[in-house]
Amino acid sequence: MRALRTWLLRLGAMFRRGHSDTELSEELESHLQMHASDNVRAGMTEAEARRQALIKLGGVEATKELYRERRRLPLLDTLVQDVRYGVRVVGKSRAFTVVAVATLALGIGVNTAIFTAFDALVLRPRPVKDPERLVSVFRTAPGEARSGVSYPDYIYFRDHSKSFSDLSLLAYGIAVTSSDLPATGSESSSRIAGAAGFQLPQLLEGSAQPIGCDFVSGNYLPMYGATPLLGRILSPGDDQPNAAPVVLMSGNFWQRRFHSDPKVVGSVLHLNGVAFTVVGVTPFNYLAGLPAVPDLWAPVAAKMSLGFSAKDLANRLVSAGFADGRLRPGVHLSDAQAELNVLAEQLQAAYPEAERNRGVKVLSASNFLAAIEPEMWGVVAAAMSAVTLLLLIACANVASLLLGRAVARRKEIAVRLALGAGRWRLLRQLLTESMLLALLAGAIGLPLGGWMLHLLILQIASALPSFWGAIALELTPDVRIFAYTFLVSCGAGIAFGLSPALQASRADVNSALKEEGSAFGQRVSSSQLRGVLIAGQMTACLVLLISSALLLRGSQRALKIDAGYETRHVVSLERYDPTNLHYSQARLLQLNRDIIQGIASLPGVQSVAQASRGPVGGIRWVPVAPEGAAPPAPDSNGSEPPAAGYSYVTPNYFETLGIPIVRGRLFTPREAEGQAPVVVISEATARRFWRNEDAIGKRIKIGSEKGTMFYPGESDPFIASSEVIGIARDVRSLDLRKIDESYLYLPLSQSRQWTSTLLVRTGSDPRLLLPAIGHEVRRLDANLPVIAAPLNTMISMDPYFVVSRIGGVLASIVGSLGLLLACMGVYGMVSYSVAQRTREIGIRMALGAQDLQVVRLVVHEGFRPIAAGIFAGIAAAAAVSRLLTATLFGLSSMDAVSFAGVSLLLASIALLATWLPARRATRVDPMVTLRYE
């Protein structure tokens, strides 16, 4: 307590500096006068008496300093002095300050933008009531770490768990449209998406407007503490089997389609032909627990009214959605996990077939951190590494500026050292100045990063189709963002300030005071340090640019890769399931035939094929094995062996896509309509099961007797014995990086089966026919939404293509900024070197040196660290490129074009930055340079 009291008194004295100094001066003067008076009485003159009094007192200023150290906080007092002096120094050198702060602000701003995005997506707590008590409940199975829960399982967990005050369900959505909304016009594509190489699916012009509707249990919104902007929210009473159909509208959809009309509450909105009453409107950008804002919220029970099968909802093998819960006060996550483990065991005992090998996992849902898949951390690490390299380039650039600036201050620092300043004291002063620059750059970089990210989010939002939902990210800086920016700024201040400060404090006082030499007599070591900094910038810049070149060339290769089927002249039409519109089976199949015939009759259309899925996206798997073969053993993880991808197709599917049958034959129309047990397999499938045999005529078992459902709402096929009648050429349908390991083509009966995908082959660019196709679809059925995408643009939706292209674009932007900063550093280093060697260059020219010789000398010395950095960068990039192999689509990780092209480009630009100041050095008058001080 006594020590705390002393510390508080000293701290208080810091704020009474003026008063305390005045009292101390008066007291010391009184003591001097007393001693001087005694000396005068002893016979001394007044001058001698005062001099002897000062000697006896030990010096006034030294005594004041000793008093201040005992009565104040010397470290804090020194820090305040350093800050004050640093502010004056920074303000005095305005040009240097502007350049240094702008360079650092760019590096810090880009880092802050990336972290702000990560914070908004992952770290920021959900904007709901008590987010720390939210949890997510997943089912687990061999090979599935996280999967949804079936509706019966959800009901069982909800009714029997004591750990949750609420357990809610976010169910999978279904196709929803409304005849009350006007038909869509053409949607303009985003310029930024097109520039980045992405072509997103678009709604056909004139097509019915699809609506993003999320189905939730009645307690979902109350659990999240939702409050309506108008009307009321959904309640448990709305989620009963016989409840009247109601819907809650999002504020975004309300503003976009109803122009914020308050009369919408209580009105009727027809969804798939069913009348729903709008009971309320949520606030703008309200998310609850979702990643994007839906258009509408509806109770799970309403799915039955919209055409969803009640049988599928009650099926324990069918995932209904994802469960979120709120822990009761005092209940921990481990308690809830233990209780649900017991409930899962009870389900296994009651339903051994359906619940076999299934477990349960409870994760925190206060934010989205626990929801990140392990492979996504690699993407996060790559993005943060890229922007960190940019910051290091900026720090090296500013460090080079500080080294040059230290030479201009050599006499000032030498005087300080000559007067007794210790090296540590001088080092602290120089670091304080560096920290002031870094913090000022951080103060500018924080809003700069937010502004850049805001513009990027706006462009991304405009690029996404409206029916995908609205992006709602909270980008307002919070404590984590402020702390991150502060720490990055402090780290940058130390990174760029430490080496120059150490160099400056290692002074040769005699040389500096006599104006001899350069950089305190440390010219050689200073030059070497600047060379190391330049080489480091070149290395970091080369790693970024080579990585971006590899990723961009890899993604460009994906666009040109031979997928095994025609992509340039085929457009995929994805139709919403009209069974949700309550069409009869007869009307449904007749509509299907009319649409196919109508599109096929359009000029320029060569053929129209139908399939259960297109050759890109919509992956479906089914177990498959040769007939009579022993059941394959599970692998070491207990998961089933890989299944085969499959699709139901019409006989003209292969002709439309240009997939040749290498052996055997196609389905006949009769076989397709009769759904005969025949199948066309891929070459890889034939090699997998009958490597040294003829697969034609062999029989395979497709699916499982138990009835599986890989995709919710779609039952997997089961054919006990199907004859292989044809072998199709291998294609890249499941993964663009490699041919499909196994694929089956099953006959599609157009008189019995409705499938959503149509593939239209045209004689020219299929995009030119999209308006005509849209007009034909609307003529036949105005309530049917249709999404169109040429196959060559659908490749840009491949997950690895997205990662590769976005990574390449990000690395290109960051690398280009790094290149700019690095070249500025090279130019500044050579210009500074030329300025320091003005006298030497003048002597050389006076003795007969030619301009070319001088330029060669300067360029040679300036290019040495550049060359070292390029060689080091090539080695570092070679190591980094191995980590990018999965996203290069077969491009070599040591691609010669990327390595050689980027290295030559960087060397050429750096050489130009070196040559410009070297050329300027030859234009000075030798007589002037001989007089140069």
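Analyst: A residue is called buried when its relative accessible area is under 20%, exposed when that area is over 50%, and partly exposed in between, with a 1.4 Å probe and protein chains only. What you are looking at is a predicted model, in which local features need pLDDT of at least 70 and side-chain atom pairs count only at pLDDT 80 or more, while totals for chains, interfaces and linings use all residues. Residues are numbered from 1 along each chain as its sequence is written, and side-chain values use heavy atoms, with hydrogens and water left out.

User: How do I apply those classes to lysine 560: is this residue buried or exposed?

Analyst: Lysine 560 is exposed, because its relative accessible area is 67%. The residue is part of helix 19, where helices (H or I, at least four residues) and strands (E, at least two) are DSSP runs numbered from the N terminus. The C-alpha atom of lysine 560 is 8.8 Å from that of asparagine 792, although the two are 232 residues apart along the chain.

User: Which residues have the most contacts inside the largest nonpolar core?

Analyst: A nonpolar core is a set of buried Ala, Val, Leu, Ile, Met, Phe, Trp, Tyr and Cys residues joined through side-chain atoms within 4.5 Å. The largest one here has 46 residues, and Met538, Ile546, Val826, Ile866 and Leu906 make the most contacts inside it. At least two residues of this core come from each of helix 6 (94–123), helix 14 (376–408), helix 19 (523–560), helix 26 (799–836), helix 27 (838–846), helix 28 (851–881) and helix 29, and helix 19 gives the largest share, 11 residues. If residues up to four places away in sequence are left out, isoleucine 866 touches Ile534, Met538, Val826, Ala910 and Thr914. A second, separate core has 45 residues, among them Val149, Cys213, Phe308 and Ala323.

User: How should I read the salt bridges, and how many does the structure hold?

Analyst: Side chains of opposite charge can pair when their charged atoms come close. With a salt bridge taken as a side-chain nitrogen of Lys or Arg within 4 Å of a carboxyl oxygen of Asp or Glu, the structure holds 22 of them. One network links Asp119, Arg124, Asp478 and Arg480. Within it, the N to O distance is 3.1 Å for aspartate 119 with arginine 124, 3.6 Å for arginine 124 with aspartate 478, and 2.7 Å for arginine 480 with aspartate 478. Arginine 124 lies in the loop between helix 6 and strand 1 (134–141), and aspartate 478 in the loop between helix 16 (423–463) and helix 17 (479–505), so this pair ties together parts that are 354 residues apart in sequence.

User: Why does arginine 124 count as buried?

Analyst: Arginine 124 counts as buried because its relative accessibility is 15%, and aspartate 478 is also classed as buried, at 15%. Aspartate 119 is buried too, whereas arginine 480, at 31%, is partly exposed.

User: How many disulfides does a search of the whole structure find?

Analyst: A disulfide is a pair of cysteine sulfur atoms within 2.5 Å, and the search finds zero. For cysteine 823 the nearest cysteine sulfur belongs to cysteine 541, at 7.0 Å. Cysteine 823 is buried, with 12% relative accessibility.

User: Which residues make up the nonpolar surface patch?

Analyst: Patches are made of residues with over 30% relative accessible area and no salt bridge, with like charges joined within 9 Å and nonpolar side chains (Val, Leu, Ile, Met, Phe, Trp, Tyr) within 5 Å. Here Tyr827, Leu912, Trp915 and Leu916 form a nonpolar patch of about 360 Å². Helix 29 (residues 896–921) supplies the largest share, three residues. Leucine 912 is in helix 29 and is partly exposed, at 47%.

Conventions:
Areas by Shrake-Rupley, 256 points an atom, 1.4 Å probe, with all protein chains shown as cover. Contact = heavy atoms within 4.5 Å.
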